[in-house]
Structure formats: C-alpha cells, structure tokens
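Please read these points alongside the model.

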Amino acid sequence: MYIPIVFFSASNNTKYIAQLVAQGVEFEGLTPVHVPIEELANYSDIVEQAPLIAVGAPIHGGFAEPIYRWLRAYDFTGKQVYLFSTAAFLFFGSSVEAARIVTKNGGNVAGILEVRFQAPGDGIYLLNRMRERYPLPTEALKRAFELGRTMAVAASSAVSTEHKQIYFSHRKRLAALSSLWVVKLIKRAALFIAKRCLFRFDPKKCTACGACEKTCPSGAVHAKSKQSSAKIPISLGLCIVCLRCFKACPTAALYLIGKERSAYYQGPWQLHGYLDPAEAKTRFGRSKRDGAFCFTRQHCRMSHSSVPQRHHTKDEMPKA
Ligand SMILES: Cc1cc2nc3c(=O)[nH]c(=O)nc-3n(C[C@H](O)[C@H](O)[C@H](O)COP(=O)(O)O)c2cc1C
Ligand code: SF4
Ligand code: SF4
C-alpha cells in the first residue's frame, strides 16, 4: 500500500521531516511516496486512492500558501490526514486552522506534528552559523519517524473511516483568532514585510538572462530586461517564497539578506541524521487532554524522558 507524503519546502526543513515520516512508514513495511506539491499532478492517482496521507508545510504566517491552496481545493472525503509543519518561532495556531480546512473538505485529521527548527533550512531565514549553535531538534525528529510508523500501522489495520473532529481545547482560542479576517490581514502584511526584508537585488550583477523569470512558478518575477534600480524585480504579493529564482540566478544578482550564494542548497538533498528504528520503539499515545493522537510536546504534555537524544550521522546510516 502506498502512503503519499505531500509537502512544500523552500529550504528543506519540511522536506527533512517528510523523509523521516517516510522512514517510519517504511519501517512498518509500507511504501511511502514523496509528493512535492509542485509535482502533485504526477501523483494524483496515488493520492486519490490512498486512505491515509501526510501533508507538510513550512509556516509562513500560516501553512505555506501552496499547501493552503491545495487543502482548500481538495476533496478529502474518506481520508485520514496527518498534518506536519516546521517553523522557526511561532506556529500561530496554523495546524488547527489547516485541520479545520481538511475537516470541512471531508477528511479526518488523525494526527498533527509541529517541529520547531531553530536550526536553519538550507536556504533561508536563519544564518548558517546558527546551524552550529542550535542542534537539530532530535526529539521532534523522532516524533516524525513515529508519525510515519503510526500512519503505516493505522493503514494496515484498516482504520475506521468514521469521522472524528480533532479537538485541541487549549489551542482553540488561538485558532479561532487566526480565522478572524483582521488577523489574516495582519499575517498577510507580516509575510509581505518579511519578503521585503529578506529579498535583495543587485542591478549591477544582473545580466537580464531571464533564468529567474523562467523558473518562477507564480509568474512573480519580471527581470528579463536590464534593471537599473535596486528595487527587487518580484511582485511580492504573488511570490510563494519557493526560493527557486534565488537558486537559479547565475550571478547572485538576486540574493537573500545575510546569505552568500555559496551557502544556498545546491546538490541533491540528503538526510543529515538517521534515526535508528531499534531506538525508536516508543509509540506515542493519545493525549489525555485532547483525546486525539498528537506528537508534539505542547499538545501532549507527555514525558519524553525515555526518548533517546542521539541520532545517527549520515556516515552511520546502514548500508543498503
Ligand atoms: C517568508 C517566510 C515567512 C516565515 N514565517 C514564519 C512564521 O510566521 N513563524 C515561524 O515560526 N517561522 C516562519 N518562517 C520560518 C520557516 O517557517 C522555517 O524556517 C521553516 O522550517 C522553513 O521550512 P522549509 O525549509 O521547509 O521551507 C518563515 C520563513 C519565511 C521564508
Ligand atoms: S519570485 Fe522567486 S521565490 Fe517567489 S515564487 Fe517566484 S521563484 Fe519562488
Ligand atoms: S537570473 Fe539573475 S542575472 Fe538572470 S535576469 Fe534574473 S536576476 Fe538577472
């Protein structure tokens, strides 16, 4: 049975979590399918037929726009949906907001995972030197692995299709707040300002090659003709912060504040750590407070002292 993991990831944090979820699925003997949201059309049959799917997004004020757009449009009837997200600081009740959309569209949200990456993604937002200062959130990585396992076990045991509204009492107010139009407006404005502060353009380096424009999935870049001002040639309202134009620019005329081009993600993505399945036996239970499966410390308030803190390095990964 296939378990699709649909995700969006600009700087690979969410992709990293998606890979751990996949490891958990594989550990229980099922086949995970990575579905970057940009390639969804290639996997539509698999997603349609799957009784269970995982959906992951970085937090850009809320779930990143490409995932939100899809959640709003997709019919989840009969599906168990597991949501995961990564953020640097604040989730703003986004998981509950996303869960509401899935439920409205017929799905049953069976699990939620939020991973706070103080360590940076490969491309953006926090500086590389912070990677050394902040270790990867090992506990949360383990929970991502467990999320995959839980999904696989639920799929194998013909999970009930009855709809059960996930209910986070302590997050309800926050989520209710997020659905107010005035809060949405503030989030939009904050996102716009974030882009304005992060994106930089050096017209002297721009050769008007058009690579950035060609690669943009939202038609947000207009840099085909030679630019004379340092005004960034991107319509910020349209931009979904996928970072493709920044990675595609051959002269680093487009760059992100505080980042050298060499620091951007370049090669094929690989997991930096590997969670040994033998170390990951603990299964997380139901939260007493919510009665729903959940995987984060904030939600569950369970003791994770038994969780091993160590994860393996890439070199230690078992050879195939
Ligand atoms: C435009 C933009 C907006 C962001 N907004 C938030 C936010 O509201 N809250 C937060 O905690 N992190 C925010 N972040 C940080 C990302 O959520 C975080 O780095 C995430 O792990 C990136 O995931 P990715 O590597 O999969 O793209 C933002 C990042 C970007 C680029
Ligand atoms: S402008 Fe750049 S970062 Fe924004 S959507 Fe287009 S390619 Fe992605
Ligand atoms: S890819 Fe870089 S050099 Fe080419 S048009 Fe865009 S900004 Fe200019």
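1. Lys79 sits in the loop between H3 and strand S5 (80-87). Helices (H or I, at least four residues) and strands (E, at least two) are DSSP runs, numbered from the N terminus. Lys79 counts as buried because it has 21 C-beta neighbours inside 10 Å. The cut-offs are these: a residue is buried if 20 or more other C-beta atoms lie within 10 Å of its own, exposed if 12 or fewer, and partly exposed in between, with C-beta atoms placed from the backbone. Leaving aside neighbours within four places in sequence, Lys79 is in contact with Pro51, Leu52, Ile53 and Gly107. Contact here requires C-beta atoms, placed from the backbone, within 7 Å. The C-alpha atoms of Lys79 and Ala110 are separated by 9.5 Å, at 31 residues apart along the chain.

2. A note on the basis. This is a predicted model, in which local features need pLDDT of at least 70 and side-chain atom pairs count only at pLDDT 80 or more, while totals for chains, interfaces and linings use all residues. Residues are numbered from 1 along each chain as its sequence is written, and chains are lettered from A and ligands numbered from 1 in the order in which they are written.

3. Now the chain as a whole. The protein chain has eleven helices and ten strands. Of its 320 residues, 41% count as buried. Among contacts in the protein chain with a separation of 6 or more, 77% join residues 24 or more positions apart.

4. How many residues of strand S6 are buried? Nine of the nine are, and S6 is mostly covered. Val109 belongs to this strand, which spans residues 108-116. Val109 counts as buried because 27 C-beta neighbours lie inside 10 Å. Val109 and Phe76 are 33 residues apart in sequence, yet their C-alpha atoms are 9.9 Å apart in space.

5. S5 and S6 pair in the parallel sense over eight bridges. Strands pair if DSSP finds at least two bridges between them. Phe84 stands opposite Leu113 in S6. S5, H4 and S6 form a right-handed β-α-β unit. Right-handed means that, with the strands pointing away from the viewer, the path from the first strand over the helix to the second runs clockwise.

6. Strand S1 (residues 2-7) is also mostly covered, with five of its six residues buried. S1 pairs with strand S2 (residues 31-36) in the parallel sense over six bridges. Ile5 faces His34 of S2. The chain crosses from S1 through H1 to S2, and this β-α-β crossover is right-handed. S1 also pairs with S3 in the parallel sense, here over three bridges. The bridge partner of Val6 in S3 is Val55.

7. Helix H1 (residues 13-27) has 15 residues and reaches 21 Å from first C-alpha to last, close to the 21 Å expected at 1.5 Å a residue. That expected span is 1.5 Å times one less than the number of residues. H1 is largely enclosed by the rest of the structure, because 13 of its 15 residues are buried. Gly29 follows H1 and has a positive phi, near 90°.

8. Helix H3 (residues 65-73) has Pro66, Ile67, Tyr68 and Leu71 buried. Their cover includes strand S3 (52-60), strand S4 (62-63) and helix H4 (94-104).

9. Two backbone angles deserve a look. Most residues other than glycine have a negative phi. Ala208 has a positive phi, near 55°. Ala208 lies in the loop between strand S7 (199-201) and helix H9 (211-215). Ala208 counts as partly exposed because 14 C-beta neighbours lie inside 10 Å. Val241 also has a positive phi, of about 55°. Val241 is in the loop between H9 and helix H10 (244-248). Val241 is buried, because 25 other C-beta atoms lie within 10 Å.

10. Which residues come nearest to ligand 3? Cys206, Cys209, Ala211, Cys212 and Cys249 do, out of 13 residues around it. A residue is near a molecule if its C-beta atom, placed from the backbone, lies within 6 Å of it. By class, this shell around ligand 3 has ten nonpolar, three polar and no charged residues. Ala, Val, Leu, Ile, Met, Phe, Trp, Tyr, Cys and Pro count as nonpolar, Asp, Glu, Lys and Arg as charged, and the others, Gly among them, as polar.

11. Ligand 2 is surrounded by 13 residues, and the closest are Cys216, Ala220, Cys239, Cys242 and Cys245. The shell around ligand 2 has ten nonpolar, two polar and one charged residues.

Notes
Two residues are in contact if their C-beta atoms, placed from the backbone, lie within 7 Å.
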